[in-house]
Amino acid sequence: MVEIGFLTESDRDSWEVLARGKDEFFGVERNDDSYERTWRRLLDDEQIRGIAAWLDDKMVGVAHYLFHASVWYAGKCYLADLFVDPDVRRQGVATALIEWVARDAEEHGAPGLYWNTLEDTPARALYDKVGKFRKGFILYTYRRKADQTSAQR
């Protein structure tokens with residue numbers, strides 16, 4: 001049976017193994033300071049939360065999510081990261097993590113949660129079952145170049 005709970009100080013090493021596994025899967029490189037900064041935020045920031053899933057006393061999954069303001073609702077909940085150890089996938093761990101986050105979101109006034117993923121990720125099989133896909137919606141991101149200056153008036 002999967003057990004879910006908030007991350008605690010004693011979870012640091014197990015959490016980092018899974019966080020680095022997630023980054024490796026997605027081809028993301030981070031320095032050690034990034035993991036430390038994120039760890040502190042997961043434990044100390046009221047809007048940012050981290051949970052873990054355990055099977056047989058071993059941490060096998062993590063989820064990171066945050067609450068933010070919304071124009072139309074009391075708030076929104078964004079599931080930023082979800083990662084399950086490849087050795088225990090398809091055993092209900094990811095579903096249990098998503099359900100935990102959804103319950104926490106509802107308790108905090110958010111009508112649900114949302115997330116995004118890669119178009120070709122194997123996890124879409126699960127996401128298509130538990131989530132609602134908004135056909136026609138496209139995600140855009142924008143980041144100013146470091147040397148770009150403010151427009152002159």
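D23 is buried, with a relative accessible area of 1%; buried here means under 20% relative accessible area, exposed means over 50%, and partly exposed lies in between, with a 1.4 Å probe and protein chains only. I am speaking of a predicted model, in which local features need pLDDT of at least 70 and side-chain atom pairs count only at pLDDT 80 or more, while totals for chains, interfaces and linings use all residues. Residues are numbered from 1 along each chain as its sequence is written, and side-chain values use heavy atoms, with hydrogens and water left out.

Let me stay with D23. This residue forms a salt bridge with R30, where the closest N and O atoms are 2.7 Å apart. A salt bridge is a side-chain nitrogen of Lys or Arg within 4 Å of a carboxyl oxygen of Asp or Glu. R30 is partly exposed, at 42% relative accessibility. D23 also forms a salt bridge with K22, with 2.5 Å between the closest N and O atoms, and K22 is buried, as is D23.

How many salt bridges does a search of the whole structure find? The search finds eleven. One of the pairs is R20 with D32, whose closest N and O atoms are 2.6 Å apart. This pair links distant parts of the chain, twelve residues apart: R20 is in helix α1 (residues 12-26) and D32 in helix α2 (residues 32-44). Helices (H or I, at least four residues) and strands (E, at least two) are DSSP runs, numbered from the N terminus. R20 is partly exposed at 30% relative accessible area, whereas D32 is exposed at 56%. Both residues belong to a network of salt bridges that links R12, E16, R20, D32 and E36.

I turn now to the aromatic rings. Rings of Phe, Tyr and Trp (its six-membered ring) pair if their centres lie within 6.5 Å; planes under 30 degrees apart count as stacked, over 60 as edge-to-face, and the rest as tilted. By this rule there are six aromatic pairs. Among them, W15 and Y35 form an edge-to-face pair, at 6.4 Å centre to centre and 70 degrees between the planes. Because W15 lies in helix α1 and Y35 in helix α2, the pair ties together parts that are 20 residues apart in sequence. W15 counts as buried at 1% relative accessibility, and Y35 counts as buried at 5%. Ring pairs also link W15, Y35 and W39 into a cluster.
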